[in-house]
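Student: I would like to learn how to read a fold from its elements down to single residues. Could we go through one example together, step by step?

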Amino acid sequence: MKTSGYNLKNSLSAKAASFALIVSVLAVYKISTAERQYFPTDYRKWHHAKTMILEEGHPLYEAFGGIHHVYANDKAYKSINKGAGRKFEDGSVLVFDLLDVRKEGNAVIEGKRKVLAYMRKNSKDKSLEKTGGWEYKAFGGGDPKNQIVNDPVAQCHNCHMQVKDNDFVFTEWRE
Ligand code: HEC
């Protein structure tokens, strides 16, 4: 009897331990899911807003030299052509896709991806108050594992402040 009581107690605490383990695994899983980095994968099928080439000699050549394309998802597309005073709704995403260029036989040709950057609106997220509700991220080489923004105010938002009246988005829609 004594032995089986001991066994019962033992197996109960083993059950408690495995329960605790499951709970902590779930907690870790939940945290890592919440923190998992958003990464736009299908933006090439979004609305193409514009393209620009920055050549050597342009003041932003160091950071943004090359050819870039700007894309808007469906939510961002609804607001992008509204002009001054526009406000993008939550879930709006704008992508800045920067590629190298090479010149060949009087043609300018897209090269490798240099940076993939995005702005994603979530006005309910308190951590984005300093950046007007926008999350700014950029990925070196377009690699989801190489996120390079650690100070979004200094690295991104301060410059986007120039177009505060346009909800911090430079790009205007054109027909
Ligand atoms: C020195 C100023 C400057 C800085 C710094 C800057 N941007 Fe921009 N960004 C611009 C300009 C200007 C455009 C518009 C480009 C165009 O018209 O093709 C732009 C465009 C964009 C767009 C497309 C939407 C729009 O506003 O037109 C995204 C997305 C973007 N930037 C993200 C970022 C991120 C992320 C960072 C920080 C890593 C950043 N930017 C830093 C000036 C800047």
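Predicted model: local features only at pLDDT ≥ 70, side-chain atom pairs only at ≥ 80, totals over all residues.

Student: What is the order of the strands in the open sheet, and which are the edge strands?

Tutor: The five strands of the open sheet lie in the order 1-2-3-4-5, and their pairing is antiparallel. Strand 1 (47–54) and strand 5 (134–140) form the edges, each pairing on one side only. Direction ignored, neighbouring strands of this sheet are turned by 25° against each other on average.

Student: Where should I look for a nonpolar core, and which residues touch the most other members of the largest one?

Tutor: The general idea is that in soluble globular proteins, nonpolar side chains tend to be buried together. In this structure, the largest nonpolar core holds 23 residues, of which Y71, A72, A76, L94, V95 and Y118 touch the most other members. At least two residues of this core come from each of strand 2, helix 3 (74–80), strand 3, strand 4 and strand 5, with strand 4 giving the most, namely five residues. For the protein as a whole, 20% of its 175 residues count as buried.

Student: Why is Y118 counted as buried rather than exposed?

Tutor: A residue counts as buried if 20 or more other C-beta atoms lie within 10 Å of its own, and Y118 is therefore buried, because 21 other C-beta atoms lie within 10 Å. Y118 is found in strand 4, and, not counting residues up to four places away in sequence, Y118 touches P40, V93, L94, V95 and K137. Y118 and A72 are 46 residues apart in sequence, yet 9.8 Å apart in space, C-alpha to C-alpha.

Student: What is A76 in contact with, leaving aside its neighbours within four places in sequence?

Tutor: With those neighbours left aside, A76 is in contact with F88, S92, V93 and L94. Across the protein, 45% of the contacts with a separation of 6 or more are between residues 24 or more positions apart.

Student: Which residues come nearest to the ligand, and which element gives the most to the shell around the ligand?

Tutor: Of the 22 residues around the ligand, F96, C156, C159, F170 and T171 come nearest. Two or more residues of the shell come from each of strand 1, strand 2, strand 3, strand 4 (107–121), strand 5 and helix 4 (152–160), and helix 4 gives the most, with four residues. By class, the shell divides into 16 nonpolar, four polar and two charged residues.

Conventions: Residues numbered from 1 in each chain as written. Pairing = 2+ DSSP bridges. Axes fitted to C-alpha atoms, helices over the stretch in contact; angles between N-to-C directions. Near = placed C-beta within 6 Å. Nonpolar A, V, L, I, M, F, W, Y, C, P; charged D, E, K, R; others polar. Core = buried A, V, L, I, M, F, W, Y, C linked by C-beta atoms within 7 Å. Buried ≥ 20, exposed ≤ 12 C-beta atoms within 10 Å, placed from the backbone. Contact = placed C-beta atoms within 7 Å.
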